[in-house]
Amino acid sequence: MTLNKTSRAHIIRRRLEAGLMTSTLALMVGMGSGTVQAASNVQELSAGNYALEQYRVQLNIKEHLLSDALVRFAHQSKLSVLTSNAVGEMADISTTPLVGTYGVADALRQMLDGTGLEYAFVDDATIVIRPQGSDASRAQGGFQKISYNTAADYEADLNVYSDDERVDEVESYEFETIVVTASRREQDLQDVPMAVSVVRPEEFTAVGLTRLADVIAYTPGVSVTMPNADSIAGAPSGGVITARGIGQQGRTASVGIYVDAIPLTSNGPWGNGASLTFDGMLGDVERVEFLKGPQGTLYGSTSIGGAVKYITRKPTLDEFRGHASVDLSSTKEGGFNKIYNGRLSAPLVEDKLGVTVAGFYEDNAGFVDRVEAGTGNLLKKNADEYDRYGFSGDLYYQLNDTFSVRGRFLHQRAEYNGVSLVNISPGEKKLSYGTLSNDNPFSDKFIENTLYALTLEKQFSGATLTASTGYAKDVHKGELDNISVFRSFIDGYIGRPAGTSTAALQKIDVGSKKFTQEIQLASDSSELWEWMFGLYYANEDTFLTASTIIQPGEINYFSDLGPSEYEEYAAFGNLTYYFAPDFDVSLGSRVSRNEMTLSSESTTDIGVFLPLLSDPFTNTVQNTVDTWSLAIRYRPIEGVSLYARAANGYRPASANRGTVGFPLMIESDSLWNYELGAKGNLAKGLISYDLALWYVDWNNFQAIVVEPATGFTGLANVPGGVTAKGIEGSFTLKPVDGFSIISNFAYTKSTLDEDEPGLNGFKGQQLPFVPEWTFSSRANYDFFITSEFDGNIGVGVRYESSSRSAFTDEGAFTPGVSELVGEPYDANINIPTDSVFLVDIHAGLVWENLSLTFHVINLFDRQSIGSTRGQYVNGFGVTESIGTPQKPRTIGARLAVDF
């Protein structure tokens, strides 16, 4: 295939934007010519002219094939490497493995010795590999460097010189190397012995998919439920994330959220940590890594189902770079949405000090109306509109070749007055008012996320020391008048004539403040051993203030004050031993000492509640937990990696409230995950795959249960346990240049091991909000239009099967009476979610550094109700049935410029 020079550069760039390449060595066929002659030594060209000669790099190159070794060298050295067609012709040529710290020149000499090839330094970041005796000027004047790092790097560097008269003779071949930090050190994705999915935010935000939930819909083995309970219900947050069938039954998160190495997720149940999920898709993020399965050894607590890592971009040290975009869209039955995004990165001191500033603003016009309770009269159109903004700063100082300092700050805030929920009928899930609407009262709320982080990295001979310090704060605050809910019963509780109460003013202030410090020492790569150990400390304060005041009379219906303090000390380590270059075993362990203190005070003026409240008290619990992981990895042939992994994770013990009928200590829960996996590619990269088969045993899990004597709900442990099992996979097909199809699937069966009266659940029932099947596929084609313009088109489909919202199935639940315990109580009733099948499309034009993309989300305007909840209150019947509606068809366009 012969392409115009502009098309070729843009096609490669667009693939990077689509997340198909993260570290690439392109073989430029046609740059050099001549036969390969054996040579006993290697010529050194341009030596002494560039700083590269003194540059030392840490290498772990076990490949014996020269082409593979050069790919790994480009990634690990973070340098750009160009090679001639001679390398492609020498696919069977072996080279010497390199493990340890080397000077760039010395490493190249050893790799190329005896191959008939030589290297030349083009500039301080670019190396050309070519046959000995080639004209050095051709490398300098033919092609610019191909960068190793981010989309912005490729945007700046992937251009062909217009004066290259041989450009139309050139074809490109890509060796993909997706780099992740799932194992707390940089590794090729294929070499990581566990299931990890990696996405680049730009591949989604560029086509109108701007929320974390959109990304998760295209990620195998992970699902998300939008909040539907407590004060966070219907809010514009990242949602409640589930992985490996570990459904969110309690209030402590089961999937941890990280920005680089800094944990954001609260470690306890009292700061709404499971619902206040950080959504960083519009921020300055290079990639997002989804780690599936428990991460207890390297990431600690609250990652029993997995972890989500936002990897941020480092500021540039050598050139000015930037990005700006505007995305405008219109939602059917909704309003006109606007997103503005920008990023600037520049060196303050060349090769020493760089800075990045970034920000975004989202004006989401909403699509759910607010109506009057009972009558359905319209009160406000598109009441779930919200404003969301964020900004960040990043300072990176490279003092010398062995020591660097990086400081980061980010802040995001979403402000809203309505919620994205609809009232539904429990049985048929019909819209109660015939439209996408709810009768929730007007509210004034916001969600806020803030992070400060400092990272110091020092390279020693044989090891690297990394110190990471973080401070994260999450806040959800708001107030509303909820008299529409209270009107039917509150005066009866107070003991005054019905209709007397005119207002029920509710206020909520909940969140967490978390300080963390971690010190990690990791060995350099070795042919025999790799080790890592570290120390971790966390100090977290959560705050919870909630009140409902009935007017007139300033009557305290219920007020709650529940701050908690959490402290954790941990030591962890991991050891990998290479029995052979293609076979290794890793063992990891972590020991954590946790302590939580909860101060609780609840007050009320409602007499019937007084016997249920305890006196103000302070409760402290402690526990020590050890977690383990074992991974066996085998690479039988080039391009194939097989692994087996066993690992466990935990959530720490928590102090509980003194509510009648509930324990003062919520014990730590833990699980074991057993996994078999295969990763690789076929037909020289035509097809790549990533498969995992897994089994989870989850015991004594933390959950919200019902106390049958009082009907109160609270936190406790469920002793029976859960068994989960499944399979997930990802396949990438690249039949022709510029065209790719990425398909994912997952099957999850996650069920109760025993009858559980506290959950009103029966043995064998699937956990709520855990879909059995998910599937997604994305096809993208980049093509040449003219010498000035390139184009791209794409389509995506996503499917999620229906899931239950509670354990209480029809026939297993009589309103007000549980068949399991035979006592009246309050309970959630099961309103299954709708299955979801959506189609998204996009088409775009690219001209130099400008791109214009048109997108349609939910092309066929499929309607469905998810995140459903039905609430039965004894004596009052079904008082609330709600769900989160699928956003209607949204049509938009995005204009972006990179420079």
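Ring pairs link Trp 529, Tyr 577, Phe 579, Phe 583 and Tyr 634 into a cluster; rings of Phe, Tyr and Trp (its six-membered ring) pair if their centres lie within 6.5 Å, and the planes count as stacked under 30 degrees apart, edge-to-face over 60 and tilted for the rest. The model is predicted: local features need pLDDT of at least 70 and side-chain atom pairs pLDDT 80 or more, whereas totals for chains, interfaces and linings use all residues. Residues are numbered from 1 along each chain as its sequence is written, and side-chain values use heavy atoms, with hydrogens and water left out.

**Aromatic rings and charges**

The structure holds 24 aromatic pairs. One of them joins Phe 391 and Phe 409, a tilted pair with 5.9 Å between centres and 40° between planes. Phe 391 belongs to strand E23 (residues 386–398) and Phe 409 to strand E24 (residues 403–416), so the pair ties together parts 18 residues apart in sequence. Helices (H or I, at least four residues) and strands (E, at least two) are DSSP runs, numbered from the N terminus. Phe 391 is partly exposed at 40% relative accessibility, and Phe 409 is also partly exposed, at 25%. Here buried means under 20% relative accessible area, exposed over 50% and partly exposed in between (1.4 Å probe, protein chains only).

In two places a charged end sits over a ring, that is, NZ of Lys or CZ of Arg lies within 6 Å of the ring centre and within 35 degrees of the ring normal.

| Charged residue | Ring | Distance to ring centre |
|---|---|---|
| Arg 184 | Tyr 299 | 5.1 Å |
| Lys 458 | Phe 460 | 5.8 Å |

**Helix H4**

Helix H4 spans residues 104–112, and its buried residues are Val 104, Ala 105, Ala 107, Leu 108, Met 111 and Leu 112. Seen down the axis, they fall within an arc of 160°, so they line one face of H4; the arc is that of the directions from the helix axis to the C-beta atoms. Just after H4, Gly 114 has a positive phi of about 85°.

**A three-stranded sheet**

An open sheet of 3 strands has the order E22-E21-E26 with mixed pairing; two strands pair if DSSP finds at least two bridges between them. Strands E22 (378–380) and E26 (437–438) stand at the edges with a single partner strand each, so one side of each lacks a neighbour in the sheet. Strand E21 (residues 369–371) runs antiparallel to E22 and is joined to it by 2 bridges. Arg 370 has Lys 380 of E22 as its bridge partner.

**The whole chain**

The protein chain contains 11 helices and 53 strands. Of its 899 residues, 59% are buried.
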